[in-house]
Amino acid sequence: MQMVGADWIKSDKREDDLAGRPGGLVQKYAAQGGSKFFFIVNIQVPGSTTYSLALYYMMDTPLEKVPLLERFVNGDDTFRNSRFKLIPYISKGSWIVKQSVGKKACLVGQALEINYFRGSNYLELGVDIGSSTVARGVVSLVLGYLNNLVIEMAFLVQGNTQEELPEFLLGTCRLNYLDASKAVSLDEC
């Protein structure tokens, strides 16, 4: 999939279903008659200010042509939770942050609560960092160093059988020196 946008949002509450928001990237595209499918990873970080990092990926190929992805998009939450994988990597940053984050693949739905929002042309994953004490601690550490980090992430749908291999790479991103003070509220987006 091609990364087509990102939102860095701050709010006083968790922001869900950003793709379904009127005036948002996905809805603007749909209003123009576009037939592309969107996959959104919305990483939600709770606190006195809640931050959401929403990463938007778009696919030109019809879902039917990618059976593993089609099963993931149309599957139930249990199936999705057993297949959505994140590979994190801190390519630049302090040793303590690199050690805390690690670089091993993780089935996110096995460690964190994910809320799924399905629209006619999208699937959004609301990854609730606050649902795990360990993840909340790691992200709190990362937030303290955020503007000194280069964070790389890859998102995949895990293949468990020979027929499902190779795994489906949903998309990647690289965040360079993200600044929490530059997050915007939804009405500014």
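Lys and Arg count as positive here and Asp and Glu as negative, while His and the chain ends are left out of the count. On that basis the protein chain carries 19 positive and 20 negative side chains. The centres of these two sets lie 7 Å apart. Please keep in mind as you read on that this is a predicted model.

**The chain as a whole**

Let us begin with the overall build. The secondary structure of the protein chain amounts to six helices and nine strands. A compact globule of 189 residues would have a radius of gyration near 16 Å, and the protein chain, at 16 Å, agrees with that.

How much of the chain counts as buried? Of its 189 residues, 46% do. The accessible surface comes to about 9600 Å², and carbon and sulfur atoms account for 51% of that area. As for how the chain meets itself, take the contacts between residues at least 6 apart in sequence: 65% of them join residues at least 24 apart.

Helix H1 covers residues 25–31 and includes Ala30. Val26 has its place in helix H1 too.

Which residues does Val26 touch, once neighbours within four places in sequence are set aside? The contacts are Ala19, Phe38, Ile40, Tyr56, Asn121 and Tyr122.

| C-alpha pair | Separation along the chain | Distance |
|---|---|---|
| Val26 and Ala6 | 20 residues | 12 Å |

**One face of helix H2**

Now for helix H2, which takes in residues 67–74. Which of its residues are buried? They are Leu68, Leu69, Phe72 and Val73. Looking down the axis of H2, the buried residues fall within an arc of 130°, so they line one face of the helix.

Terms used:
Residues are numbered from 1 along each chain as its sequence is written. This is a predicted model: local features need pLDDT of at least 70, side-chain atom pairs count only at pLDDT 80 or more; totals for chains, interfaces and linings use all residues. Side-chain values use heavy atoms; hydrogens and water are left out. Buried means under 20% relative accessible area, exposed over 50%, partly exposed in between (1.4 Å probe, protein chains only). Helices (H or I, at least four residues) and strands (E, at least two) are DSSP runs, numbered from the N terminus. The arc is that of the directions from the helix axis to the C-beta atoms. The radius of gyration is taken over C-alpha atoms; the globule rule is 2.2 Å times the number of residues to the power 0.38. Contact means heavy atoms within 4.5 Å. Accessible areas come from the Shrake-Rupley method with a 1.4 Å probe; for residues, only the protein chains shown count as cover. The place of a charge is taken as NZ of Lys, CZ of Arg, CG of Asp or CD of Glu.
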